[in-house]
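Please open the structure in your viewer and keep the selection tool at hand.

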Amino acid sequence: MEEALLRAVLFGTPILLASLGALLSERGGVVNLGVEGMMALAALAAFAVGLEAHPVLGVLAGVGVGSWRGLFLGVFAVSLRANQFVAGLALAALGLGASGLFGKRYEGVPLPNPLPEGVLAALALALAFGLHLLFSRTRLGLYLRSVGENPKAADLFGVSVDGVRYGALALGGGLIGMAGAYLSLAYRPSWTDGMTSGLGWVAIALVILAAWQPLRAVFGAYLFGLLFFLQFRLQGSVPIPSEAFAAMPYLLVILVLALSGRARAPKALGQPFDRGR
């Protein structure tokens with residue numbers, strides 16, 4: 001039982017970090033469907049820097065790449081007011097393709113000094129509580145929630161809607177990048193193409209499951225982590241096809257999306273803001 005709980009926390013950590021990043025941008029009104037590609041590219045950057053320099057610098061590289069990709073999404077979703085869903089999907093595809101192309105030289109190379117999983121797991125939990133306090137107790141959190149709910153009203157009160165959204169995308173992207181760094185520097189200290197294994201899409205669904213609340217995302221992430229652990233642990237010990245275990249987390253994702261109508265999203269989520277209108 002203790003082993004299952006421990007593995008649930010450790011495997012749920014990248015899901016938690018990625019969902020917090022997506023949640024942060026969505027509370028500001030910007031949908032980020034590029035999480036999977038952002039995680040993959042950040043995992044590659046983190047591993048490359050961690051291998052050539054130091055794993056701690058690798059984490060910073062992953063966070064930096066994630067923030068850069070968040071700002072890149074902001075150019076289309078915020079400045080150009082493009083369709084946020086299309087821009088996010090394009091970002092995901094570009095990230096997965098670029099990481100697979102540039103990561104070939106690192107295939108099969110182990111990381112000699114990986115980071116302890118527990119350190120980043122504890123940091124992820126602390127960040128979840130920090131975001132909760134940010135949303136509920138600070139003026140910056142009030143600005144972010146206002147931009148996500150009613151950007152026109154926030155603009156009338158002197159809040160820079162575009163500035164808040166860019167900031168949310170950069171910070172959220174940094175958290176997503178940290179999720180990728182955790183995968184390649186701690187959980188599986190190596191680089192392989194496709195190592196994110198759909199975790200970015202799970203994180204997006206978790207944002208809905210958590211009703212855009214950071215503390216709820218903690219329990220959801222650990223639940224998904226437990227499901228992934230059971231997927232590997234029970235294979236071969238029970239007369240159930242392995243494909244059924246592999247599909248278990250994703251069936252839960254489908255269930256979450258099917259019930260998403262019951263969760264109230266930020267009112268301006270996915271809607272570009274045009275100050276002139």
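**A guided tour, stop by stop**

Begin by selecting Phe72, which counts as partly exposed at 31% relative accessibility (buried means under 20% relative accessible area, exposed over 50%, and partly exposed in between, with a 1.4 Å probe and protein chains only). Before you go further, note that this is a predicted model, in which local features need pLDDT of at least 70 and side-chain atom pairs count only at pLDDT 80 or more, while totals for chains, interfaces and linings use all residues. Residues are numbered from 1 along each chain as its sequence is written, and side-chain values use heavy atoms, with hydrogens and water left out.

**Aromatic pairs**

How many aromatic pairs does a search of the whole structure find? The search finds 5 aromatic pairs, where rings of Phe, Tyr and Trp (its six-membered ring) pair if their centres lie within 6.5 Å, and planes under 30 degrees apart count as stacked, over 60 as edge-to-face and the rest as tilted. Select Phe47 and Tyr106: their ring centres are 5.9 Å apart and their planes stand at 85°, so this pair is edge-to-face. Because Phe47 lies in helix H2 (residues 35–52) and Tyr106 in the loop between helix H4 (84–102) and helix H5 (117–137), the pair ties together parts that are 59 residues apart in sequence. Phe47 and Tyr106 are both buried. Return for a moment to Trp68 and Phe72, whose ring centres are 6.4 Å apart with planes at 35°, so that pair is tilted. Then select Phe11, Tyr182 and Tyr187, which form one aromatic cluster.

**Charged side chains**

Side chains of opposite charge can pair when their charged atoms come close. The count here comes to 1 salt bridge, meaning a side-chain nitrogen of Lys or Arg within 4 Å of a carboxyl oxygen of Asp or Glu. Select Glu117 and Arg7 to see this salt bridge, in which the closest N and O atoms are 3.8 Å apart. Glu117 lies in helix H5 and Arg7 in helix H1, so the pair ties together parts that are 110 residues apart in sequence.

Next, select Arg27 in helix H1 (residues 2–27). Is Arg27 buried or exposed? Arg27 is buried yet has no salt bridge, and the nearest side chain of opposite charge, Glu149, is 5.8 Å away (Lys and Arg count as positive and Asp and Glu as negative, while His and the chain ends are not counted). Arg27 lies over the face of Phe135, at 4.6 Å from the ring centre (a charge sits over a ring if NZ of Lys or CZ of Arg is within 6 Å of the ring centre and within 35 degrees of the ring normal). Leaving aside neighbours within four places in sequence, the residues in contact with Arg27 include Leu144, Gly148 and Trp212 (contact means heavy atoms within 4.5 Å).

**The loop between H9 and H10**

Finish at Trp212, which is found in the loop between H9 and H10 and counts as buried at 5% relative accessibility. Trp212 has a positive phi of about 60° although it is not a glycine.

Methods. Helix = DSSP H or I, 4+ residues; strand = E, 2+ residues; numbered from the N terminus.
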